[in-house]
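Reader: Could you walk me through this model, starting with whatever terms I need before we look at the details?

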Amino acid sequence: MAIRDVLKMGDPRLLEPARPVEDFAALELAQLIVDMYDTMRALNGAGLAAPQIGVGLQVVMFEVSANPRYPDAESVPFTVLVNPVLTPLSDEIEEGWEGCLSVPGMRGLVPRHTALRYQGFDAGGQPLDRSVSGFHARVVQHEVDHLRGILYPMRIRDLRHFGFTETLFPGQNLQDD
Ligand code: NI
C-alpha cells in the first residue's frame with residue numbers, strides 16, 4: 001500500500017493508450033488498485049486512472065460523496081472499472097466543469113455525453129454493466145479518456161472557459177478530480 005506520485009500534464013506517459021488487463025488474479029493488479037485508492041483518497045480526488053500513476057493498464061476508479069454545498073455533484077458509488085467500454089445512450093451533449101489530479105488547481109468546461117452505458121469488469125473480474133447519466137456519466141468519461149491518452153483540456157471547446165480554480169470559483173475550496 002502506498003500513495004503514489006500522480007503524473008502531471010506534460011508527461012508523455014499520460015498521452016499513451018493503456019493496455020487491457022488480462023490476468024485478474026495477478027497480485028500486481030490487486031496492489032495497483034490499493035495504491036490507486038490510497039492515492040485518490042490522499043489527494044481528495046473524485047477519480048483516478050492507472051496511467052496517472054504511470055501504469056499503462058485499463059483500470060480506473062471513481063467515487064463522489066454527496067456534498068450539500070454542491071448539490072449539482074450528485075454522489076457516485078465507489079467503483080473500480082477495468083477494461084471499460086462506453087456506449088452513449090443518446091446524442092445529447094452537456095457542458096460541465098471538470099478538474100483533474102494531473103492538471104492540479106485548474107478547471108475547464110468540458111462537453112460530455114449526458115447518458116451512457118458502461119461495461120467492463122470490477123476488481124475481481126466480475127462483469128459490470130451500468131447505464132448512468134449526469135455527473136456519474138461525466139466522471140466515467142473523464143476517467144476512461146485517461147486510458148486513451150486524452151486529458152480534459154484537450155476537449156475544451158472554448159479555452160476562455162479554462163482557468164485556475166481559485167479564480168473561477170473563489171472561496172469554494174473545490175476538490176480535484
Ligand atoms: Ni483526470
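Author: Buried means under 20% relative accessible area, exposed over 50% and partly exposed in between, with a 1.4 Å probe and protein chains only. This is a predicted model, in which local features need pLDDT of at least 70 and side-chain atom pairs count only at pLDDT 80 or more, while totals for chains, interfaces and linings use all residues. Residues are numbered from 1 along each chain as its sequence is written, and side-chain values use heavy atoms, with hydrogens and water left out.

Reader: Which residues coordinate the nickel ion?

Author: C100 through SG, and H142 and H146 each through NE2, coordinate the nickel ion at 2.1 to 2.3 Å; donors are N, O and S atoms within 2.8 Å of the metal (3.2 Å for Na, K and Ca), and since water is not among the atoms, sites may look incomplete. Their spacing in sequence is C-x41-H-x3-H.

Reader: And where do C100 and H146 lie?

Author: C100 is in the loop between β4 (93-98) and β5 (106-113) and H146 is in helix α2 (residues 134-146), so this pair ties together parts that are 46 residues apart in sequence. Helices (H or I, at least four residues) and strands (E, at least two) are DSSP runs, numbered from the N terminus.

Reader: Are those two buried or exposed?

Author: Both C100 and H146 are buried, and of the protein's 177 residues, 48% count as buried.

Reader: Switching topic, how many helices and strands are there?

Author: The protein has 3 helices and 8 strands, in the order α-β-β-β-β-β-β-β-α-β-α from the N terminus on.
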